[in-house]
Amino acid sequence: MTAKLPSCELSEIPGEFGPITISERVVQRIWLRQDFARNQLRTTSGRAIQVIRPGQWNLQEGPDFRDAVLEIDGERVDGDVEIHFYPNDWFDHEHEADPNFGRVVLHVVVFEDQSRPAFTALGSRPETLVLLPYLNRDLESYASDDALLALERRDHVDLLEFYLSLSPEARYVELRDLSFRRWQQKRTYARQRLERLGWREACHQAMLEVLGYRRNRAPMNALAERFPIRDMAKSNPDELFDALAGQWKLSGLRPANHPRKRLHQYTQILQANHDWPEALKEWSHGWTEKADPDEPSGSTRRALAFTQRRNGLAETVFAGTVSGPRLDTLTVDAFLPLLSVDSDRDLFGTWHHWFIGDGPEVVLQFLREAGVTDRQQPRCNGLLQGALQRFFNQGL
């Protein structure tokens, strides 16, 4: 039997800043990890659906996921799941005539089109679920995560040579412009999260997502959906961890990054300040100065008292329970995009100059070797984000 590689199907899809090419493997990983909002899922026919088990990822011919378990309008449904970008891909790939797809009960697509509903060679009609409205992030962010996994196994010498051919000023400008693209993406999804959840629950979900790191982001999101902030404040962290037994990715994790430890940390925050989202708003109100992204980060941080602001965030909002790179990652990935949208303020300069958080080592190495930082321009979040976007654009 010929192996079917999940990464071979590519699609050019509309991005916020122009077309981008995405591998179908990215969408399959989203389904495998259930990395989307799973409450109130509905198929295109209007039927309520819950995913009990996403199925086994199939790397051979046939449907992408075998033996999934679903609940559709409260009734258990067992079968296979097929993943595509568009509903019409079902017919483009001639699945309606292939008996291997006879047990498909759910057709998961990213975008909706005007295609007729899918049907199988056995005459059944799988339900269709359009995934895009339920995604927690934009597709480029999911694809960036996928690209970073590949990047850890590949060299970046060609890209480094290109950057070293530019003047130091041109290197900075290029990375700053790329970081603005990522800032816009983060604001877009912060807005969607706020519209769907409101301020308190949006902060709650974003906090847990970041605490999950890349590998456990999906189960942390699932916990946030199952346990709103008020319920989680009264919950035992070990019981929270056990509630998603079997869904955590634990192999190779450093002890400090174990989700059980992070849940203990978050419940400590809730016990110390159960209304930390409101405290976060108050923390931001006193910051009226606008940071200029074109100025060096070193002088900007001194002029606008970034260190004092960061210490205030750690102490007044989180009672000293979170600090250092983890706090910086929370600030740039969760807090500043949410605050910018909620208050309708331009916080790009602040986000750009903020202290670097938990960055992939291969990207930090690239920044060192590319010579884009010095005493006046220390490492900052914007340069890290710009490098991440460049790696993604290069397909590394």
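**The second largest pocket and beyond**

Guide: Helix α7 gives the most to the lining of the second largest pocket, supplying six residues. Please keep in mind as we go that this is a predicted model. Helix α7 covers residues 217-226, and together with α1 (24-33) and β3 (49-53) it belongs to the elements that each supply at least two residues of this lining. The volume of the pocket comes to about 530 Å³. Its lining is made up of 26 residues, and those closest to the centre are Gln34, Arg38, Val51, Ala222 and Gln247. Sorted by class, the lining holds 12 charged residues, along with eight nonpolar and six polar ones.

Leu208 counts as buried because its relative accessibility is 0%, where the cut-off for buried is under 20%. Beyond its neighbours within four places in sequence, Leu208 is in contact with Met220, Ala224, Met232, Leu263 and Tyr266; of these partners, Met220 and Ala224 fall in the residue range of α7. Between Leu208 and Lys249 there are 15 Å in space, C-alpha to C-alpha, and the two are 41 residues apart in sequence.

Just after α5 comes Gly198, with a positive phi of about 85°.

Strand β7 (residues 104-109) pairs with β8 in the parallel sense, over four bridges, and Leu106 stands opposite Glu127 in β8. In a regular strand the side chains alternate between the two faces of the sheet. In β8 (residues 127-130) both faces are covered, with Glu127 and Leu129 buried on one side and Thr128 and Val130 buried on the other.

Our last stop is helix α12 (residues 297-303), where Thr300 lies. Thr300 has a relative accessibility of 7% and therefore counts as buried. Setting aside its neighbours within four places in sequence, Thr300 is in contact with Ala291, Asp292, Glu295, Phe306 and His353.

Conventions: Residues numbered from 1 in each chain as written. Predicted model: local features only at pLDDT ≥ 70, side-chain atom pairs only at ≥ 80, totals over all residues. Heavy atoms only, no water. 1 Å grid on protein atoms, 1.4 Å probe; cavity = no way out; pocket = protein on both sides within 12 Å on 5 of 7 lines; lining within 4 Å. Points joined across faces, edges and corners; volume = space filled by probe spheres on them. Nonpolar A, V, L, I, M, F, W, Y, C, P; charged D, E, K, R; others polar. Buried < 20%, exposed > 50% of the residue type's maximum accessible area, 1.4 Å probe, protein only. Pairing = 2+ DSSP bridges. Contact = heavy atoms within 4.5 Å.
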